[in-house]
Amino acid sequence: MNAITKLEFKKKIQDKGLWFWTFILPIVFIVGFISIFGGNTGADSEQLVVQIVPGYTVMFSFYIMISIVIAFIKDRDSGMTARIASTPLPTLQYFMGKWIPFILIVLIQIAVLFGFGVAVYDMPLGNAFALIMISVALAFVSTGCGMAMAVIAKTENMGIALTQVIALGGAMLGGLWMPVEFMPDIMQNIAQFLPHYWALQGYQTVILDGGNVLDVWASLLVLIAYGAVCIGIALSAYPRYLKLSKS
Amino acid sequence: MIDIRDVSKSYGSIKALQHADLHIEKGSCFGLVGPNGAGKSTLMKILVGILEEFGGTVEIGGKPVHQYRRDIKRQIGYVPQDICLEETLTARDNLLLFGQLYGLSGKGLNEQISEVLTLIGLEKREKSIVSTFSGGMKRRLNIGCALLHAPEIIILDEPTVGVDPQSRRAIFELIHELKAEGKTIVYSSHYMEEVEQLCDSIGFIDQGMVVEHGTMKEVFEKHRHSSIFIEGDQVTEEVLAPYGELMERENGYVITSIDPLATLQKVALALHSQALQPTRLELSQTKLEGIFFELTGTQLRDKG
């Protein structure tokens, strides 16, 4: 498993596209939107920062799905998946080996974007343990979703299109772009079915309300449940993915 | 060593393998041949453990693959048709990856990597990035990745596709070395002359069924129909039809016969009596390709 984890991590570090989606674009969005809304609306600056920095962090954490889809489809079409399946490495270890680097990347992404928020906008952080727990749960759900998509999607384009729907659709409906209170009632109800909403609620409870891990248990539960369902789908679809792999 | 009994595998309504039976002796080099889509790859995927669900039984070294999958995978080195290498890594790093996947580590793995690099002739390029390699070098490295764990059985799926003659020769030498070491080799190829040169036993698969198998000697003896090749502008099918089983080949015709000399004489007389002048009229020896066409036909298999 370690061999697969190290290999995947090494490949991801060399992937310039991943750097763009994971760090550069989110920072551009954060700076851009804080400048636009901060300058013209006269909104409370702390609330604005605590809406935009965690909001865009959550949204862009789901973009890891693109990298996961590309990595899996490339392996499937190059024959590497079948080749690895011919080694004694158990399926679950291969799966974990591919998955762990992406979880680490999302955690680094969250640390970098929150660090940027603290350094540039004096964003408060609140209870560190609760923040870490929400971040781990967010990484679990976003990468879990990516793993499911990666084994289900037939083509890279299909995977990327569905990622856009999940990342952007979830961001819009989950209140990442604007507080859910500003949205119509029906949209507020829909938001509660989305992991994006629960991740942001968790972060805001910790950062704005000074909540601890007990205050965000509902967020943690929903995120972990979503992640577990996604991983369950990915594992059950894996034999089909293996059948489609070139060898 | 390898016992395949009544093995069947379907993909939906497509029957990829139908009641296949084969036995491969320990230390032999077994050629697996058949047209595209015949079921060779499916059988290889079953042998190497990529396909886990199938009908029938496969035993390797007396152990059923269903029960001893991980143990058996350690005994097999699989060289897939596609080059499965990490292009951004060096040759040594690729070998390191596959060595680790087979549970090797430390000094033992490093020594094994150096040995394999020498065996595949890439010892001077061990630190080069694979994307800078020629097709032949990649093919050799692809084989090297399957040899690191010193497997008893080596399964090669068309290992010489798209390589230059020098690399092909190097691959042949490597296979000869493995044979000399007593390894059991399963070799799939579309190049009949390769199979004829390397293998001592053979299995023909067509439409999911094993249509012939045995030692190379047995198969040749069974299908030894000497044939006559006739070429010439004026020579037509109608003229030759009465003298034996006729097949169109290249620019002429092949007549297979159990008494080729007598047939040759009759054909020569018939052509002479009709004042027809062939440009070629010769006895030809049985070749593996001829047996392949005899068993699988000459019709294209990609016409649906």
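Ala275(B) is exposed, with a relative accessible area of 63%. Here "exposed" means over 50% relative accessible area, "buried" means under 20%, and "partly exposed" is in between (1.4 Å probe, protein chains only). You'll find Ala275(B) in the loop between helix H10 (260-273) and strand E14 (280-284) of chain B. Helices (H or I, at least four residues) and strands (E, at least two) are DSSP runs, numbered from the N terminus.

Before going on, some ground rules. This is a predicted model, where local features need pLDDT of at least 70, side-chain atom pairs count only at pLDDT 80 or more, and totals for chains, interfaces and linings use all residues. Residues are numbered from 1 along each chain as its sequence is written, chains are lettered from A and ligands numbered from 1 in the order in which they are written, and side-chain values use heavy atoms, with hydrogens and water left out.

Most residues other than glycine have a negative phi. Asp122(A) sits in the loop between H6 and H7 of chain A, and at 66% relative accessibility it counts as exposed.

**Where the chains meet**

How much area do chain A and chain B bury between them? The figure is about 2,300 Å², with 60% of it on carbon and sulfur atoms. Buried area is the accessible area (1.4 Å probe) that two parts lose on being put together, summed over both. Chain A puts 24 residues into the contact and chain B puts in 25, where contact means heavy atoms within 4.5 Å.

There are 6 residue pairs in polar contact between the two chains (both at pLDDT 80 or more). A polar contact is a pair of N or O atoms within 3.5 Å; within protein, one must be able to donate a hydrogen and the other to accept it, and residues adjacent in sequence count only if both atoms are side-chain atoms. On the chain A side, helix H1 (2-13), helix H4 (64-78), helix H5 (80-85) and helix H11 (217-244) each supply at least two of the residues that touch chain B. That side is made up of 11 nonpolar, 7 polar and 6 charged residues. In this sorting, Ala, Val, Leu, Ile, Met, Phe, Trp, Tyr, Cys and Pro count as nonpolar, Asp, Glu, Lys and Arg as charged, and the others, Gly among them, as polar.

**Salt bridges**

Side chains of opposite charge can pair when their charged atoms come close. A salt bridge is a side-chain nitrogen of Lys or Arg within 4 Å of a carboxyl oxygen of Asp or Glu. The count over all chains is 17, and 2 salt bridges cross the interface of chain A and chain B. Here are some of them:

| Pair | N to O distance |
|---|---|
| Asp93(B) and Lys10(A) | 3.5 Å |
| Lys11(A) and Glu8(A) | 3.9 Å |
| Arg92(B) and Glu126(B) | 2.3 Å |
| Glu194(B) and Arg168(B) | 3.4 Å |

Lys11(A) and Glu8(A) are 3 residues apart in helix H1 of chain A, so about one helical turn separates them. Both of these residues are buried. Arg92(B) lies in helix H3 (residues 91-101) of chain B and Glu126(B) in the loop between H4 and H5 of chain B, so their pair ties together parts that are 34 residues apart in sequence. Glu194(B), in helix H7 (residues 192-198) of chain B, and Arg168(B), in helix H6 (residues 165-180) of chain B, tie together parts that are 26 residues apart. Glu194(B) is buried at 1% relative accessibility, whereas Arg168(B) is partly exposed at 22%. Salt bridges that share partners also join Glu8(A), Lys11(A), Lys12(A), Asp75(A), Lys98(A) and Glu86(B) into one network.

**Some covered spots**

Helix H10 (residues 195-207) of chain A is mostly covered, with 11 of its 13 residues buried. Among the buried ones are Trp198(A) and Tyr203(A).

In chain B, Cys145(B) belongs to helix H5 (residues 135-147) and is buried at 1% relative accessibility. Leaving aside neighbours within four places in sequence, Cys145(B) is in contact with Arg83(A), Leu85(B), Asn94(B), Leu95(B) and Phe98(B).

Ser128(B), in the loop between helix H4 (106-119) and H5 of chain B, is buried as well, with a relative accessible area of 17%. Its side chain makes a polar contact with the side chain of Arg125(B) (2.9 Å).
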